[in-house]
Amino acid sequence: MRSIWNGAISFGLVSIPVKLVNATESHSISFRQIHAEDNGRIRYRKVCELDDREVSTAEIGKGYEDADGTVIPITDEDLAHLPIPTTRTIEIVAFVPADRIDPLQMGTAYYLAVGAAPAAKPYTLLREALKRGDKVAVAKYALRGRERLGMLRVVGDALTLHGLLWPDEVRAPEGVAPDEKVTVRAKELDLADALMDTLGDVDLDDLHDDYRAALEEVIAAKAAGEALPEAPEPDSGGKVLDLMAALENSVRAARASRGGGKAPEPKAAAKKTTETKAPAKKATETKATAKKTTETKATAKKAAETEATETKATETKTTETKATAKKAAETEAGEKKAGEKKAAERKPPARKTAQRSAQGSARKTAAAQEERKSGRKPPAKKAAPRKTPA
């Protein structure tokens, strides 16, 4: 890219040699003025009024016309003696946040390239300082015969100079806004918000100049002798009298184009938005209440989980206790059964005892019968001797 200005950035006591390069370019299609009858070119010739002849660019200089019509010639040498330091210098005067610059002031953009190898280090220093401080530099410089205001900022790895209008060159918006007092209803604002949300964001890199593309198509068709493309029918809606209806239709159309299907009725959406929308203070309180409710729910959920865990642990413990008791009961029953079995083994059979008792009784009966037959009496029991008192 060809440089259009050579100079230096004055950064305190640091001087950075730089070259100014156009950062933008125009892709507009330009037309020539022609004579409508025969397509002849219409040219503007530079003619000297005194000599009445055409002059070349090399013969043209600069001059200032005084109030009385006197012309004062100004040469490049005269401009070189301007009593300001910005003739060949971009003088940084302040560093400010980017939002301090009014977009209305911003004009042509230029890239700043290093003018010599030694300038790489201070160039990088200024660039990194602007990055770390998240600021832009306000500067003065002279270009095309006048001192200008500019803004230095970082774009990628390059420094960029934006030409700025002087504050007194920006007009105040007096008389631009409507004079009559207009009241906007909340429902209309809700529909406008819904329309903005539906349209959403956009990547600026995806935007193209459709007018230039259409113009190229028309030129190509005419050059080839083909029929010109048909222009779309203009919107015949006329003047919009019902703002609410226009907003509703816009929301419906935007949602249909974005979603690719049937869009819900904007009225319901607007009603829902109106109901849920509240003043900033109320919204803040609602947000705080929602946050508190969320925390309470979280606490309750945690308590419920803890209680469930404890209940599960208790049930597990109870189950284990029951299993232990059952096992102990089974063990006790087994031991009791074993004891009864052992006792049963030790006890003589009841039949054998009965037989022994029957045999004893039979012997006694036989002995008694024999005594009766023999006439003997059984010996009487001896009486216990009496004790004589002393």
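The model is predicted: local features need pLDDT of at least 70, side-chain atom pairs count only at pLDDT 80 or more, and totals for chains, interfaces and linings use all residues. Residues are numbered from 1 along each chain as its sequence is written, and side-chain values use heavy atoms, with hydrogens and water left out.

Colour by pLDDT, the predictor's confidence in each residue, from 0 to 100. The protein's mean is 76, and 63% of its residues reach 70 or more. Select residues 261-284: pLDDT is below 50 there, and the stretch has 21 contacts beyond near neighbours in sequence (contact means heavy atoms within 4.5 Å). Residues 348-352 are also below 50, with one such contact.

Now select β1 (residues 3-11) and β2 (residues 14-22). They run antiparallel, joined by eight bridges. Strands (E, at least two residues) and helices (H or I, at least four) are DSSP runs, numbered from the N terminus; two strands pair if DSSP finds at least two bridges between them. Find asparagine 6, opposite lysine 19 in β2. Two residues separate the strands of this hairpin, where glycine 12 has a positive phi near 70 degrees.

Valine 18 has valine 114 of β8 as its bridge partner.

Next, asparagine 39, in the loop between β2 and β3 (47-48). Its phi is positive, near 65 degrees, though the residue is not glycine. Asparagine 39 counts as exposed, at 56% relative accessibility (exposed is over 50% relative accessible area, buried under 20%, partly exposed in between; 1.4 Å probe, protein chains only).

Finish at aspartate 134, in the loop between α2 (120-133) and β9 (136-143). Phi of aspartate 134 is positive, near 50 degrees. This residue is exposed, with a relative accessible area of 62%.
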